[in-house]
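These notebook entries record what I looked up in one structure.

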Amino acid sequence: MKKLLGLYLSALAIPAVCSAASFDSDRYCKQVANAAGSSYQIEKGCLELERESAAKLRAMSVPARVENYCKEVADAAGGSYQIMVGCVEMELEAKGQLGQ
């Protein structure tokens with residue numbers, strides 16, 4: 001029983017590949033483009049960055065605490081992979097600086 005509990009607790013400490021919350025990039029980028037005067041160029045660039053950020057996020061190992069916090073931040077900003085990646089990178093850097 002102790003061995004099983006130990007394995008369970010150690011599994012909780014291992015960062016998992018980020019499940020990459022699902023955001024509506026089309027909707028988000030239309031909002032961004034509309035805020036910039038309905039620019040097609042801005043919308044296109046935003047969609048490209050969202051796709052790149054989603055792929056980067058899926059490949060990252062992110063502790064659940066960081067992932068949950070950053071999903072909330074990204075949701076508050078309108079649902080953006082770009083925002084979530086930036087948040088995750090900053091949180092992981094701060095975590096490392098704290099020696100955790």
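Entry 1. I located Ala-55 in helix α3, where helices (H or I, at least four residues) are DSSP runs numbered from the N terminus. The model is a predicted one, in which local features need pLDDT of at least 70 and side-chain atom pairs count only at pLDDT 80 or more, while totals for chains, interfaces and linings use all residues. Residues are numbered from 1 along each chain as its sequence is written, and side-chain values use heavy atoms, with hydrogens and water left out.

Entry 2. I looked up the exposure of Ala-55 and found a relative accessible area of 37%, so Ala-55 is partly exposed (buried means under 20%, exposed over 50%, partly exposed in between, with a 1.4 Å probe and protein chains only). I then took the C-alpha to C-alpha distance from Ala-55 to Tyr-81, which is 9.1 Å across a sequence separation of 26 residues.

Entry 3. I turned to Ser-53, which is placed in helix α3, residues 40-59. Ser-53 is buried because its relative accessible area is 12%. Leaving aside residues up to four places away in sequence, I found that Ser-53 touches Tyr-81, Gln-82 and Val-85 (contact means heavy atoms within 4.5 Å).

Entry 4. How do the axes of α3 and α5 cross? I found that they come within 8 Å and cross at roughly 45 degrees, α5 being residues 81-97 (axes are lines fitted to C-alpha atoms, for helices over the stretch in contact, and angles run from 0 to 180 degrees between N-to-C directions). α3 is therefore oblique to α5 (under 35 degrees counts as roughly parallel, over 145 as roughly antiparallel, 65 to 115 as roughly perpendicular, the rest as oblique). On the α3 side the contact includes Ser-53, Ala-54 and Leu-57, and on the α5 side it includes Tyr-81, Gln-82 and Val-85. By class I recorded 8 nonpolar, 2 polar and 3 charged residues in the contact of α3 with α5 (Ala, Val, Leu, Ile, Met, Phe, Trp, Tyr, Cys and Pro count as nonpolar, Asp, Glu, Lys and Arg as charged, and the others, Gly among them, as polar).

Entry 5. I next examined helix α4, residues 64-76, whose axis comes within 9 Å of that of α5 and crosses it at roughly 140 degrees. This angle makes α4 oblique to α5. Among the residues in contact are Tyr-69 and Cys-70 of α4 and Met-84 and Val-88 of α5. The contact of α4 with α5 has 10 nonpolar, no polar and 3 charged residues.

Methods. Helices (H or I, at least four residues) and strands (E, at least two) are DSSP runs, numbered from the N terminus.
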